[in-house]
Amino acid sequence: MSRFRNTALGLVFSAALLAAPALAGDLGLGRVATPEEIAVWDIDVRPDGKGLPEGRGTVAEGEEIFIEKCAMCHGEFGEGVGRYPVLAGGQDTLDTENPVKTIGSYWPYLSAAFDYIRHAMPFGEPQSLKPDEIYAIIAYLLYLNDLMDEDGELSKENFTSFRLPNENGFFDDPRPDTPTIAEKGEPCMKNCKQEVKIVKRARVIDVTPEGEEE
Amino acid sequence: MTITGRRGFLKGSLAAMGGGLAAAATGGTARAAGDIKVNEWMKTLGEGVVSRPYGLPSEYESHVRRRWVEWLTATRESSVSFTPIQDLDGIVTPNGLCFERHHGGIAEVDPSEYRLMINGLVEKPLIFTLDDLKRMPRVNRFYFLECAANSGMEWRGAQLNGCQYTHGMIHCLQYTGVALKTVLEQAGIRPNGKWILAEGGDASGLDRSIPIEKALDDCMLAFAMNGEALRPEQGYPVRLVVPGWEGNMWIKWIRRIEVGDEPWHTREETSKYTDLMEDGRSRRFTWIMDAKSVVTSPSPQAPLKYKGVNVLSGLAWSGRGKVKRVDVTFDGGRNWVEAELAPPVLSRCLTRFHVNFEWDGRPLLIQSRCIDETGYIQPTKDELRAVRGTNSIYHNNGIQTWHVMASGEVENVEIS
């Protein structure tokens, strides 16, 4: 009996040594990322230009690349094909019934175009463009939006000098923006209104998918 | 019309429905003579164990599936499918039915090659394997995930006939993973680290800025959903979990987190996922998904089949906390009853609600209204339009109306 107890105690003891509860802080997991490794993946770009690679490209160069690699979806002048995004025009439409949100009319920062193209474009062939090609494409997009002359050039050096027209068109989330219980009290539960009429019907529009198309 | 509210069986007619309604015809659903027999499956052996190593639903449930709206997007690789919430019950969404939103198709990641990089304003930039993450202290939490564009097609008026389409960009799962805080602490955040950028490892490399307070508060890196590995459609092997905030921030196939001193203002948080107001200005960083609810049955894809006893079933949720109460009206908002909340009621989770009622065959105008623990009241669509106009696309949490016709069919409508 005593032997059994000793063995049991010994097991508990060694288990405690092998598996001490891990505390917060350094768990000793992972390995240090080298600057070379970080450079492979860290391709984001901020409005202040942080993250921009060395490079340059002209409107003329950009037009050529755009026609070859982008126009099949976005149109030769950034007008958009089918449901693909429109990239140019749309100025003075944001407060209308049909706002057209483009780089020129809506986007606040040009850096988002570089960051996005570098991550995701061309659609289906991402991360295939060289920095010079991205600068050139964006130069062409600025030209299409009347924000650069046709003999213009975009580079790491002059990138942040191009400000987009709608930069000041954004403000931080003010919600909640409808009355809460603290503001208007408990909602009505009985005899809350006199008359109810149907004013809109989905079937009038008739765009719901039917059948099993998959 | 008889309704069972939260406080018991409330018998009696609703005055606004037109006075004392006669009791509806009642009866069971299996009344046909000859339906009791010895069926085929009672007379033959079925398939043995492991004939279905990974079980799938009965073939009679094949209508329960994700669906998409073809005209909505240019390609299926950058598109959305919808959860069939009209066919589900409880609060946990089955893994294969969770709605999808991809920007560059479904990445098929080899877990042995999976790496997560932490860089930027940290003491020590680090790279983790999937096994490294699985050796860290583990967290299990239930959360809903709603796309900011859920109900976005309904801003200008009733458009799609089915809650799968109007409200199906949502799911609710149990996530298993590690606290993002644990991972960031391994690298050590520098004092000027105020934001993180989370970046996907798919063909879109979707990236979003998140304030450091949220990252350290309750965000998770999840590697399991409902007890099994993440599905590829949901970011296998690791996705970010950002409780209560819009789904676009829950980066799938996450490959990198950078710590910075300012937000990045990426395409997904400027050109998209910003809310355009009537005056042409836009709200940005609209992260929280406000309190919302929808009746899933009856609904256009789940018509009323029987007069007499029926169960109204629905879902409510709030990105600000727990659902406190759900009110339901059958008469277009003239009178409301408090729905029964089916436990558990968890913070930033779907909450299931029910109302037992008797239907006499007259048309109904059904709505639900969610109130959360912060006192936020789900607004009507017109209340939202009065503040935001009709161009904002995102964050439409307005009250949904279903018109139940005398035939039992249900349509998506708006009412005065």
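User: Among contacts in chain A between residues at least 6 apart in sequence, what percentage join residues at least 24 apart?

Analyst: The model is a predicted one. Chain A has eight helices and five strands, and 38% of its 214 residues count as buried. Among its contacts between residues at least 6 apart in sequence, the share that joins residues at least 24 apart is 58%.

User: Is helix α5 of chain A largely enclosed or open, and how many of its residues are buried?

Analyst: A residue counts as buried under 20% relative accessible area. In helix α5 of chain A, residues 111–120, the buried set includes F114(A), D115(A), R118(A) and H119(A). Helix α5 of chain A is largely enclosed by the rest of the structure, because the number of its residues that are buried is 10 of the 10.

User: Which elements do the buried residues of α5(A) pack against?

Analyst: The buried residues in question include S111(A), Y116(A) and I117(A). Their packing partners come from chain A and from chain B. They are α6 (131–144) of chain A, with β9 (195–200) and β10 (207–211) of chain B.

User: Is D92(A), with its positive phi, buried or exposed?

Analyst: D92(A) is in the loop between α4 (71–74) and α5 of chain A. Its phi is near 65°, a positive value in a residue other than glycine. Most residues other than glycine have a negative phi. Because its relative accessibility is 74%, D92(A) counts as exposed.

User: Which residues touch the most other members of the largest nonpolar core?

Analyst: The largest nonpolar core has 100 residues, and those that touch the most other members are L116(B), L221(B) and I254(B).
Strand β11 (residues 220–225) of chain B gives the most to this core, with six residues. The core also draws at least three residues from each of domain 1 (95–283) and domain 2 (289–413) of chain B. A second, separate core of 38 residues includes L52(A), V59(A), L87(A) and Y135(A).

User: How many residues of domain 2 of chain B are in contact with domain 1 of chain B?

Analyst: The domain assignment of chain B gives domain 1 as 95–283 and domain 2 as 289–413. Their C-alpha centres lie 28 Å apart. On the domain 1 side 41 residues take part, and on the domain 2 side the number is 35.

User: What is the angle between the planes of the aromatic pair Y273(B) and Y394(B)?

Analyst: The two residues are 121 apart, with Y273(B) in the loop between β14 (254–260) and β15 (275–276) and Y394(B) in the loop between α6 (381–388) and β24 (401–404) of chain B. Y273(B) counts as buried because its relative accessibility is 5%, and Y394(B) does so at 7%. The ring centres are 4.9 Å apart. The pair is stacked, and the angle between its planes is 25°.

User: Which ring does the charged end of R369(B) sit over?

Analyst: A charge sits over a ring only if it is within 6 Å of the ring centre. The charged end of K134(B) is 5.5 Å from the centre of the ring of F223(B) and sits over that ring. For R369(B) the distance is 3.9 Å, and the ring is that of W336(B).

User: What is omega for the cis peptide bond that joins P343(B) and P344(B)?

Analyst: Most peptide bonds are trans. One cis bond runs from Y236(B) to P237(B), with omega near 10°, and P237(B) is in the loop between β12 (228–229) and β13 (239–241) of chain B. P344(B) lies in the loop between β21 (340–342) and β22 (351–359) of chain B. For the cis bond that joins P343(B) and P344(B), omega is about 0°.

User: Over which residues of chain B does pLDDT stay under 50?

Analyst: Chain B averages a pLDDT of 94, and 93% of the residues score at least 70. For the stretch under 50, the model has 46 contacts beyond four places in sequence. That stretch is residues 6–26 of chain B.

Note on methods
Residues numbered from 1 in each chain as written. Chains lettered and ligands numbered in written order. Predicted model: local features only at pLDDT ≥ 70, side-chain atom pairs only at ≥ 80, totals over all residues. Heavy atoms only, no water. Core = buried A, V, L, I, M, F, W, Y, C linked by side-chain atoms within 4.5 Å. Buried < 20%, exposed > 50% of the residue type's maximum accessible area, 1.4 Å probe, protein only. Helix = DSSP H or I, 4+ residues; strand = E, 2+ residues; numbered from the N terminus. Domains from an automatic or database assignment. Phe/Tyr/Trp six-rings, centres within 6.5 Å; stacked < 30°, edge-to-face > 60°. Lys NZ or Arg CZ within 6 Å of the ring centre and 35° of its normal. pLDDT = per-residue confidence, 0-100. Contact = heavy atoms within 4.5 Å.
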